[in-house]
Amino acid sequence: MDPLTAPPGSPRPTDPSPPPAEPLSFQVLGGTEAARCGLLRVRGQEVLTPAFMPVGTRAAVKGVEPDALLELGYRLILANTYHLLVRPGPERIARLGGVHRFMSWPGALLTDSGGFQAFSLTGLSRLSEEGVTFRSHLDGSAHALTPERAVQIQEQYGSDILMPLDVCLGLPAGRQELAEALERTTRWLVRSRQAWQDPTHHALFGIVQGGTELDLRARHAAELAELDLPGYAIGGLSVGEKNEEMYFVTAHTTRHLPVTKPRYLMGVGTPEDLVACSLAGVDLFDCVLPTRTARTGRLATRYGDLIIKNARYAEDPAPLDPTCRCPTCRSFSRAYLRHLFVNQDPLAVRLHTLHNLHYYATLMAELREAIAGGTIKQFLVSFHGDRAQLGVRKKP
């Protein structure tokens, strides 16, 4: 198995510094016709894929400090362009040395563009051919994002991987609406590419749209592949469709993306989602799920998701997951974690988050091992059999 974490006491990566001349490279190391394991190099960091990226929306992964993320083995995280735009603002971040230095993160950083917020903040945003205008969810102040401005802001942040402004629709959606969103996304990507000032320090990805219309997905993937960008994302999924639809569309889309470029499925997901979509050829994932559910007391284990507030754990001396070697499971009982949670102690959030992120890192490492070693069938039997023991639902 590949290393899960940096060995305890290992040297911390150096303080954030200018990235190398080549901002991103990707190498497929092995796998099957669909699933593959690879090596992504970003900002001097090596990321084994398929990999999960913790979400640090406002330049912080809630509940854990950067050193803890490094100890868990993470080298690539995500932040949100829109949320950092409304507070503290890109100019202030730039004056403070960029997001890496601002949050003391020596690893690699991907920032999304704000396109998803145009979808999720429908009452506060308006789309036009020029871009998106927002009313801040904090104070109502007006903000505008064009494709050019989104790239400029992310370069001010010092992001290593930039996501272009795109049009994300909720599902179900009509075919004509999906086609128009796809076409606008392409036009915006062309503008984003023209505004991309420093390809030697920032890698720009393209985002494939098309909803659940397979021919639109194939068409859009082919169009974007012609632009020869450093990587490609699959957007517009996990926005209302059934899980089975998402898996099928993902597998169809990856088949139309360049084999030599990393593939990123945006905003996904549950452990079951990560397994299914990794086997469909996805290399990168992000989702708020493991950190958000940690704050609500829903904890991922090998045997299913555990709700720590349940009274049955009030006198349970066992660790959350007896097979887990995270700092939380090594030191604390279910009874103690429940005590912290029901008393709303902030320590509960940190310990829960450490556990969930360790679970995700472990899952991805085991998945990589199965893909590389040709033991996918055995892995699936074990994974689904174990996860069913606590009656886990697919969407926590």
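**Exercise 1. Explain why α14 and α15 are described as roughly antiparallel to each other.**

Solution. The model is predicted, with local features needing pLDDT of at least 70 and side-chain atom pairs counting only at pLDDT 80 or more, while totals for chains, interfaces and linings use all residues. Residues are numbered from 1 along each chain as its sequence is written, and side-chain values use heavy atoms, leaving out hydrogens and water.

Step 1. Helices are DSSP runs of H or I with at least four residues, strands are runs of E with at least two, and both are numbered from the N terminus. Helix α14 covers residues 346-373 and helix α15 covers residues 376-387.

Step 2. Axes are lines fitted to C-alpha atoms, for helices over the stretch in contact, and angles between N-to-C directions run from 0 to 180 degrees. The axes of α14 and α15 are 8 Å apart, at an angle of about 150°.

Step 3. Angles under 35 degrees count as roughly parallel, over 145 as roughly antiparallel, 65 to 115 as roughly perpendicular and the rest as oblique. Therefore α14 and α15 are roughly antiparallel.

**Exercise 2. Find which residues of α14 and α15 meet, and sort them by class.**

Solution. Step 1. Contact means heavy atoms within 4.5 Å. From α14 come Tyr359, Leu363, Glu366, Leu367, Ala370 and Ile371; from α15 come Ile376, Phe379, Phe383 and Arg387.

Step 2. Ala, Val, Leu, Ile, Met, Phe, Trp, Tyr, Cys and Pro count as nonpolar, Asp, Glu, Lys and Arg as charged, and the others, Gly among them, as polar. The contact of α14 with α15 has eight nonpolar, no polar and two charged residues.

**Exercise 3. Locate the largest nonpolar core and the element that gives the most to it.**

Solution. Step 1. A nonpolar core is a set of buried Ala, Val, Leu, Ile, Met, Phe, Trp, Tyr and Cys residues joined through side-chain atoms within 4.5 Å. Buried means under 20% relative accessible area, exposed over 50%, and partly exposed in between (1.4 Å probe, protein chains only).

Step 2. The largest such core has 82 residues, and Leu265 and Phe285 are among those with the most contacts inside it. Helix α14 gives the most, with ten residues.

**Exercise 4. Decide whether Asp228 and Ser238 are exposed or partly exposed.**

Solution. Step 1. Asp228, in the loop between α8 and β12, has a positive phi of about 55°. Its relative accessibility is 56%, so Asp228 counts as exposed.

Step 2. Ser238, in the loop between β12 and α9, has phi near 60°. Its relative accessibility is 31%, so Ser238 counts as partly exposed.
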